[in-house]
Each structure stands twice: as structure tokens, then as C-alpha cells.
Amino acid sequence: MTRTEIAEAYWQALRRDRPDLGLPERYDLWHFGDSEALARELLDLVLAGTKTATAGLVWGADEAGTPKPGGYSLITDFAGTPHCVLQTVEVRILPFDQVDDAFAYDEGEGNRSLAFWRDAHWSYFGRRCAEIGRQPARDMPVFCERFRLVHPQPRG
């Protein structure tokens with residue numbers, strides 16, 4: 001069974017066994033970060049209820065594009081094992097240097113400060129830029145997504 005088959009089986013089982021969640025047919029499938037350790041760290045923050053937002057580089061976004069309010073995502077670990085379902089609540093596209101303190105706090109990472117957010121995301125977006133042949137810039141467009149954890153309930 002492939003990762004996508006495992007994810008689809010997980011999604012359909014949730015739809016069948018938990019109709020109260022109101023899950024639609026369509027969902028996005030992804031994991032946080034660009035390494036096994038980062039994916040696990042960020043997933044754990046979501047499952048604890050600490051992380052309620054994430055940011056992504058608009059440049060090089062896959063064909064699905066940026067998240068849409070109301071959309072659902074099935075989040076996996078780096079290996080592709082499903083762990084939780086998120087629903088996008090809000091998406092704003094901002095220049096990197098205009099992301100604010102409140103958003104950095106909602107991302108739940110490090111000490112939750114804007115300084116930490118900028119440092120960590122400059123490094124991450126720099127790696128993403130290198131993959132797509134772009135140079136990181138202070139005004140590069142970033143999507144700022146707020147979400148709610150639909151399943152399971154937060155551990156914290």
C-alpha cells in the first residue's frame with residue numbers, strides 16, 4: 001500500500017466512523033517542515049494544541065496553490081503516516097517582513113516571538129528558495145494560514 005493509499009484509507013475510515021466531523025471528500029495531504037525531525041516537532045505542537053498556524057512560501061507552491069479557508073488537510077509525519085486533520089480558518093498573503101507578533105505566537109514555535117519566527121523561517125524559506133532557484137528576500141510572499149485541529153482533540 002502506498003502512502004497515498006494509506007492516507008486515503010485513513011480519510012475514508014474517519015468519514016465513515018466519525019460523521020460528526022463533517023469531513024468532505026476532498027482534502028490536502030502534507031507534512032510540516034523539510035526533515036523528519038522538524039515534521040515531528042511541528043506535528044507534536046499541533047497535537048498539543050500549541051500550534052494553530054503555519055506559514056509557507058508562495059513562490060514554488062505546488063499546483064494546488066495556497067490553502068483556502070474552509071479547506072481540510074490530512075497531516076502526516078515525514079514518512080507519510082496520517083496523524084491529524086486540520087481545517088483552514090484564515091489565509092493571508094504577506095511579505096515576509098510584514099508577518100506580525102500575533103501570527104508568530106500562533107505558530108507556537110520556539111519562544112513564540114517574532115524574532116524567533118523570522119530567524120527560523122528565514123532559514124526554512126532560504127532552503128525552499130534554493131530548491132526552486134530563487135533568492136530569499138525580505139518582501140518574498142508568504143501565506144500565513146491559521147487552522148483548527150479537527151481530529152484528534154488536542155492533547156494539552
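Reader: Why is glycine 71 called partly exposed?

Author: The model is a predicted one, and in it glycine 71 has a relative accessible area of 25%. Since buried requires under 20% and exposed requires over 50%, this value falls in between, and glycine 71 is therefore classed as partly exposed. The residue belongs to the loop between β2 and β3, where it touches Leu86, Gln87 and Thr88, leaving aside residues up to four places away in sequence.

Reader: How do you know that the length of α4 agrees with that of a helix?

Author: The expected span is 1.5 Å times one less than the number of residues, so the 19 residues of α4 should span 27 Å. The end C-alpha atoms of α4 are 26 Å apart, which agrees with that expectation.

Reader: Which residues of α4 are buried, and what covers them?

Author: The buried residues of α4 are Leu114, Trp117, His121, Tyr124, Phe125 and Cys129, each of which therefore has a relative accessible area under 20%. Their cover includes α2, β2, α3 and β5. As a general point, an α-helix has 3.6 residues a turn, so residues three or four places apart point the same way.

Reader: What makes a group of residues the largest nonpolar core here, and which members touch the most others?

Author: Such a core consists of buried residues of listed nonpolar types joined through side-chain atoms within 4.5 Å. The largest one has 17 residues, of which Phe103, Trp117, Phe125 and Met140 touch the most other members. At least two residues of this core come from each of β2, α3, α4 and β5, and the largest share, five residues, is from α4. Apart from it lies another core, of eleven residues, among them Val46, Ile75, Phe147 and Leu149.

Reader: Which elements supply the lining of the largest pocket, and which gives the most?

Author: The largest pocket has a volume of about 1100 Å³, and of the 46 residues that line it, the closest to its centre are Trp30, His31, Gly56, Tyr124 and Phe143. At least two lining residues come from each of β1, α2, β2, β3, α4 and β5, and α4 gives the most, with ten. By type, the lining divides into 17 nonpolar, 14 polar and 15 charged residues.

Reader: Where is the cis peptide bond, and what is its omega?

Author: The bond runs from histidine 151 to proline 152, with omega near -5°, and is cis. Most peptide bonds are trans. Proline 152 is found in the segment after β5.

Reader: Which residues does alanine 137 touch?

Author: Not counting residues up to four places away in sequence, alanine 137 touches Trp59, Phe96 and Trp122. Alanine 137 lies in the loop between α4 and β5, and its C-alpha atom is 8.9 Å from that of aspartate 97, which is 40 residues away in sequence.

Terms used. Residues numbered from 1 in each chain as written. Predicted model: local features only at pLDDT ≥ 70, side-chain atom pairs only at ≥ 80, totals over all residues. Heavy atoms only, no water. 1 Å grid on protein atoms, 1.4 Å probe; cavity = no way out; pocket = protein on both sides within 12 Å on 5 of 7 lines; lining within 4 Å. Points joined across faces, edges and corners; volume = space filled by probe spheres on them. Helix = DSSP H or I, 4+ residues; strand = E, 2+ residues; numbered from the N terminus. Nonpolar A, V, L, I, M, F, W, Y, C, P; charged D, E, K, R; others polar. Buried < 20%, exposed > 50% of the residue type's maximum accessible area, 1.4 Å probe, protein only. Contact = heavy atoms within 4.5 Å.
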